[in-house]
Amino acid sequence: MRIYVGNFPYEMSEQEIQETFSAHGQVEEVAIVRDRDTGRSRGFAFVEMPASDEAQAAIAALNGKEMGGRSITVNEARPRED
């Protein structure tokens with residue numbers, strides 16, 4: 001399942017996000033969305049978790065949690081619109 005993670009601190013690394021989500025199950029991939037021109041994080045990412053029940057547990061546990069002084073948003077990613 002693909003999970004959207006938003007409003008996290010710009011300094012957070014993919015490794016830190018992976019460690020946070022790994023507490024709830026297997027993480028296949030973490031992709032931080034970056035600005036094309038500067039390469040700086042845009043404050044949101046996508047996490048891929050193969051087991052739907054683990055992904056739902058991570059969403060339930062982490063949505064609204066404070067990370068680096070910011071309350072993160074965690075939910076199931078919507079399909080990309082053209």
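## Close-ups of a predicted model

**View 1. β1 and its partner strands.** Strand β1 pairs with strand β6 (residues 73-76) in the antiparallel sense, with 4 bridges between them. In that pairing, V5 sits opposite V74 of β6. β1 (residues 2-6) also pairs with strand β3 (residues 41-48), again in the antiparallel sense, over 5 bridges. Here R2 is the residue facing E48 of β3. To count as paired, two strands need at least two bridges between them according to DSSP. Strands (E, at least two residues) and helices (H or I, at least four) are DSSP runs, numbered from the N terminus.

This is a predicted model, so local features need pLDDT of at least 70 and side-chain atom pairs count only at pLDDT 80 or more, while totals for chains, interfaces and linings use all residues. Residues are numbered from 1 along each chain as its sequence is written, and side-chain values use heavy atoms, with hydrogens and water left out.

**View 2. N7 in its loop.** Look for N7 in the loop between β1 and α1 (14-22). N7 isn't a glycine, yet its phi is positive, at about 70°.

**View 3. The largest nonpolar core.** This core has 20 residues, and I3, F8, I17, F21, V47, M49 and V74 have the most contacts inside it. α2 (52-62) is among the elements giving two or more residues, and α2 gives the most, with 4. A nonpolar core is a set of buried Ala, Val, Leu, Ile, Met, Phe, Trp, Tyr and Cys residues joined through side-chain atoms within 4.5 Å; buried means under 20% relative accessible area (1.4 Å probe, protein chains only).

Definitions and conventions. Buried < 20%, exposed > 50% of the residue type's maximum accessible area, 1.4 Å probe, protein only.
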